[in-house]
Amino acid sequence: MRTLLSRRFTAAAVSLGISQAAVSQHISLLEKDLGTGLFDRHAGRIQLTEAGQRQAPHGANC
């Protein structure tokens, strides 16, 4: 959820106190488990895909 709010994996990583690579890895694993992409990545910024928008309310509960 912090990634969504910050719109950048790096900002989410700082907020969580972990590396950007760790955030990216966790998101990639989640996307693999779900079988769909949650974020569109453009020039260092991220935006939710339609699947990500459907999943966002579930992430707010974490």
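These are my notebook entries on one predicted protein model.

**Ground rules**

I number residues from 1 along each chain as its sequence is written. The model is predicted, so I take local features at pLDDT of at least 70, side-chain atom pairs only at pLDDT 80 or more, and totals for chains, interfaces and linings over all residues; side-chain values use heavy atoms, with hydrogens and water left out.

**Confidence**

I looked up pLDDT, the predictor's confidence in each residue, from 0 to 100. The protein chain averages 82. In it, 84% of the residues score at least 70. Where is confidence lowest, and where is it highest? Helix α1 (residues 2-6) has the lowest, at a mean of 54. The highest is in α3, at 92. I keep a caution here: where pLDDT is low, the predicted coordinates should not be read in detail.

**Layout**

I took helices (H or I, at least four residues) and strands (E, at least two) as DSSP runs, numbered from the N terminus. The protein chain has 4 helices and 2 strands. Along the sequence the pattern reads α-α-α-β-β-α.

I then checked burial. Buried means under 20% relative accessible area, exposed over 50%, and partly exposed in between (1.4 Å probe, protein chains only). Of the 62 residues in the protein chain, 29% are buried.

Next came contacts, meaning heavy atoms within 4.5 Å.

**Helix α3**

I tested the length of α3. The expected span of a helix is 1.5 Å times one less than its number of residues. For the 15 residues of α3 that gives 21 Å. The end C-alpha atoms of α3 are 21 Å apart, which agrees.

Which residues of α3 are buried? I list Ala22, Val23, Ser24, Ile27 and Glu31. A reminder on helices: an α-helix has 3.6 residues a turn, so residues three or four places apart point the same way. After α3 comes glycine 35, with a positive phi near 75°.

**Salt bridge**

I searched for salt bridges (a side-chain nitrogen of Lys or Arg within 4 Å of a carboxyl oxygen of Asp or Glu). The count is 1. Glutamate 31 pairs with arginine 41, and their closest N and O atoms are 3.2 Å apart. The pair links distant parts of the chain, 10 residues apart: glutamate 31 is in helix α3 (residues 20-34) and arginine 41 in strand β1 (residues 39-42).

Are the two partners buried or exposed? Glutamate 31 is at 11% relative accessibility, so I count this residue as buried. Arginine 41 is at 41%, so I count this one as partly exposed. Beyond its neighbours within four places in sequence, glutamate 31 is in contact with Thr36, Gly37, Leu38, Phe39 and Arg41.

**Hairpin**

I paired strands where DSSP finds at least two bridges between them. Strands β1 and β2 (residues 45-48) run antiparallel and are joined by 4 bridges. They form a hairpin with 2 residues between them. Alanine 43 in the turn has a positive phi of about 50°.

I followed the partners across. Arginine 41 stands opposite isoleucine 46 in β2. Histidine 42 has arginine 45 as its bridge partner in β2.

I also looked at the faces of β2. In a regular strand the side chains alternate between the two faces of the sheet. The covered face of β2 holds Ile46 and Leu48. The uncovered one holds Arg45 and Gln47.

**Aromatic pair**

I searched the rings of Phe, Tyr and Trp (its six-membered ring), which pair if their centres lie within 6.5 Å; planes under 30 degrees apart count as stacked, over 60 as edge-to-face and the rest as tilted. The count is 1. The rings of phenylalanine 9 and phenylalanine 39 have centres 5.7 Å apart and planes at 90°, so I log the pair as edge-to-face. Phenylalanine 9 lies in helix α2 (residues 9-16) and phenylalanine 39 in strand β1, so the pair ties together parts 30 residues apart in sequence. Both phenylalanine 9 and phenylalanine 39 are buried. For phenylalanine 9 the relative accessible area is 10%.

I noted two C-alpha distances. Phenylalanine 9 and arginine 45 are 36 residues apart in sequence and 8.0 Å apart in space. Threonine 10 and glutamine 20 are 10 residues apart along the chain, with 5.0 Å between their C-alpha atoms. Threonine 10 lies in helix α2 and is partly exposed, with a relative accessible area of 48%.
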